[in-house]
Amino acid sequence: VGWVADRVSRPQILAASCLTWTVATVGTALAPSFLPLAGSRMLFALGNAAQNPIAFSMLPELFPNNKALACSVYNLSIHVGRAGAFLAGGVAASPIIGGFSMDPSSWRNFPDLFQIPMDYLDHTVAISGLTILYVSGSTMVLAS
């Protein structure tokens, strides 16, 4: 990425990596078997590889007076976006996996999305290095 960044403008590299990432995401969604899926995921990684280094090198130039704030907002947006994606995925998959029993037409049911079985969280030391993929009934799926 550094060699290319010395010869091509960084905004063009960022645009190309975003386009590669987007095409690979669509390819992942439409993959009919494992090999196209694996190829799409490799292309996804290639497109994603340039985004953070380029963005972090551009932020101080775009915001010279607020470098720390700009980098903080950029980092925060990554985690907020990921949390929003998990929340949307959980709501979309709730009829399939039997997760949330929520009437989407009522705003009063919105807090139901954030209910977590507390009996699983009393062992926070044991699961602190894991990611909770989803909770359904008395089942929790974790990933390391």
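Is Phe-56 buried or exposed, or does its relative accessible area place it in between? In this predicted model, Phe-56 is partly exposed, with a relative accessible area of 31%.

The protein contains six helices and two strands. Along the sequence they follow the order α-α-α-α-α-α-β-β. Of its 144 residues, 15% count as buried. The accessible surface amounts to about 10300 Å², and carbon and sulfur atoms account for 67% of that area. Among contacts between residues at least 6 apart in sequence, 34% join residues at least 24 apart.

A pair of aromatic rings is described by the distance of the centres and the angle of the planes. A search of the whole structure finds two such pairs. One of them joins Trp-21 and Phe-44: the ring centres are 5.8 Å apart and the planes stand at 40°, so the pair is tilted. An angle over 60 degrees would have counted as edge-to-face, and one under 30 degrees as stacked. Trp-21 belongs to helix H2, which covers residues 10-30, while Phe-44 belongs to helix H3, residues 34-49, so the pair ties together parts that are 23 residues apart in sequence.

Trp-21 is partly exposed, at 34% relative accessible area, whereas Phe-44, at 17%, counts as buried. The cut-off for buried is under 20%. Phe-44 also has a charged neighbour: Arg-41 lies over the face of its ring, 4.3 Å from the ring centre.

The other pair brings back Phe-56, whose partner is Tyr-74. Here the arrangement is edge-to-face, with 5.1 Å from centre to centre and 80° between the planes. Phe-56 sits in helix H4 (residues 51-62) and Tyr-74 in helix H5 (residues 67-97), and the pair links these distant parts of the chain, 18 residues apart. Like Phe-56, which has a relative accessible area of 31%, Tyr-74 is partly exposed, with a value of 22%.

Terms used:
Residues are numbered from 1 along each chain as its sequence is written. This is a predicted model: local features need pLDDT of at least 70, side-chain atom pairs count only at pLDDT 80 or more; totals for chains, interfaces and linings use all residues. Side-chain values use heavy atoms; hydrogens and water are left out. Rings of Phe, Tyr and Trp (its six-membered ring) pair if their centres lie within 6.5 Å; planes under 30 degrees apart count as stacked, over 60 as edge-to-face and the rest as tilted. Helices (H or I, at least four residues) and strands (E, at least two) are DSSP runs, numbered from the N terminus. Buried means under 20% relative accessible area, exposed over 50%, partly exposed in between (1.4 Å probe, protein chains only). A charge sits over a ring if NZ of Lys or CZ of Arg is within 6 Å of the ring centre and within 35 degrees of the ring normal. Contact means heavy atoms within 4.5 Å. Accessible areas come from the Shrake-Rupley method with a 1.4 Å probe; for residues, only the protein chains shown count as cover.
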